[in-house]
Amino acid sequence: MDANSFSSFASPGDAARAAELRRVKAIAALVLASCLVVFVGAKILLPIHPAFGFVAAFAEAATIGGLADWYAVVALFRRPLGLPIPHTAIIQANQNRIADKLGEFIEVHFLEAGPVEAKLREVDFASFVADWLSDKKRSADLARFLLRLLPEAMSATETSGLKTFITRRVMTQLQSVDLAPIAAGTMRGFIRDGRHQGLLDNLLGAMHGALTEPDTLAVIKNKIRDELPTLLKLYRADAFLLKRIVASATTFFDDVRKDPAHPFRGEFDRMLLSFVDRLETEPGFTGRIDGLKRDLLARPELAELGRNLWNNARSFIERSASGESNILAHHLANVFVEAGAALRADAEMRGEINQGIVVVLRTFIADQKSGVSSFIADQVKGWDMQQLLGVIEVNIGRDLQYIRFNGSLIGGLAGLALYTIEYLLRLL
């Protein structure tokens, strides 16, 4: 066999197997030739003694059995002696059928959902990801790689119109959001947690401070003076009333602020809850909130703010990608390392990730297995059969040569048995 006939397929051990194959072939040929020589010699010596008849019968049948099995082995790979005998060169003649059946076999028996899923479940993908991310150097390399991609991704987003599409989609989604239930739910949670009482305390403190401001007192005093009769003005009733009003108000504010159970706090709770109920049920409130939302989203300042944020983010990412700033790369690498450590410590999360990966890969393989079958079949059909036959013969040819040995042995024994029966029948 030509050593170059399997060079493109050969593994490092094929050279040794090829040498062993040549050795076994030579022994098989020697055995066949020896049987033929023994047969001729025994036939010549048969007149000397009848025992040579048994030897001749064994050698004759062994020669025939060896030749028959030589033919059978050779017919698998090529035409014996180059003769166009039917049903020889079996592998070459059936290359396409073998290719199709091999692809079908792999699709049916290797890529079935059950075995594939069982094999995938043996792999702990999440632990591999966790260990990979926990390595600081790998996480730093991943961060730098992503940063190099981000500027191109942002440029592609702008030039492809994706940015405009995303902006429109975001604005559409914001316009469709019903803020009234959200605002009502937020206020209910605010009240339920008691945080509105702090707001009331701050409001009372602000009112107390504003009420005692000289400018505020002057305005109130002038307002009282304008409303009083002329006679009372002569007795400076405005100053007396102002003093009483301010004293009463500050005392009330202090009492409410110091007493968590003050009745006014209950009234404040009921007032807020009533407002929340109206916010949820009255269409007028919903309409006013939606109008406020539309006006806010239509403001040019909001669009300008979005553009500024985008430009600033792009500039920062470009500086980080060029190495001018290492802040983002450093923080991104730390995020990856922390994510790896958190994933390694969370067995439940790893289980969920593994389950998700198994589902994705199982579905992908199920969708693509017919394509894999076709790919394998096409590859086998495109192989150089001389090279393929060289590989097959190198790897299994040694065992096939032992068929020739067995053929000679079994044939010889069968011939000996038949000759013995014939000899005994002649003696009767």
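**Exercise 1.** Find where Leu-36 is placed, and decide whether Leu-36 is buried, partly exposed or exposed.

*Solution.* Begin with the element, which for Leu-36 is helix H1. Next take the relative accessible area of Leu-36, which is 44%. Buried would require a value under 20% and exposed a value over 50%, so Leu-36, at 44%, counts as partly exposed.

**Exercise 2.** Compare the span of helix H1 with the span expected for its number of residues, and then work out which elements its buried residues pack against.

*Solution.* Helix H1 covers residues 14-45, which makes 32 residues, and from its first C-alpha to its last it reaches 46 Å, close to the 46 Å expected at 1.5 Å a residue. Turning to burial, the buried residues of H1 include Leu-21, Val-24, Ala-28, Leu-32, Cys-35 and Phe-39. Residues three or four places apart in an α-helix point the same way, because there are 3.6 residues a turn. The partners of the buried residues of H1 are helix H2 (51-77) and helix H19 (385-427).

**Exercise 3.** Judge where the coordinates call for caution, using pLDDT.

*Solution.* Start with the whole protein, whose mean pLDDT is 80, with 91% of its residues at 70 or more. Where pLDDT is low, the predicted coordinates should not be read in detail.

Key. Residues are numbered from 1 along each chain as its sequence is written. This is a predicted model: local features need pLDDT of at least 70, side-chain atom pairs count only at pLDDT 80 or more; totals for chains, interfaces and linings use all residues. Side-chain values use heavy atoms; hydrogens and water are left out. pLDDT is the predictor's confidence in each residue, from 0 to 100. Helices (H or I, at least four residues) and strands (E, at least two) are DSSP runs, numbered from the N terminus. The expected span of a helix is 1.5 Å times one less than its number of residues. Buried means under 20% relative accessible area, exposed over 50%, partly exposed in between (1.4 Å probe, protein chains only). Contact means heavy atoms within 4.5 Å.
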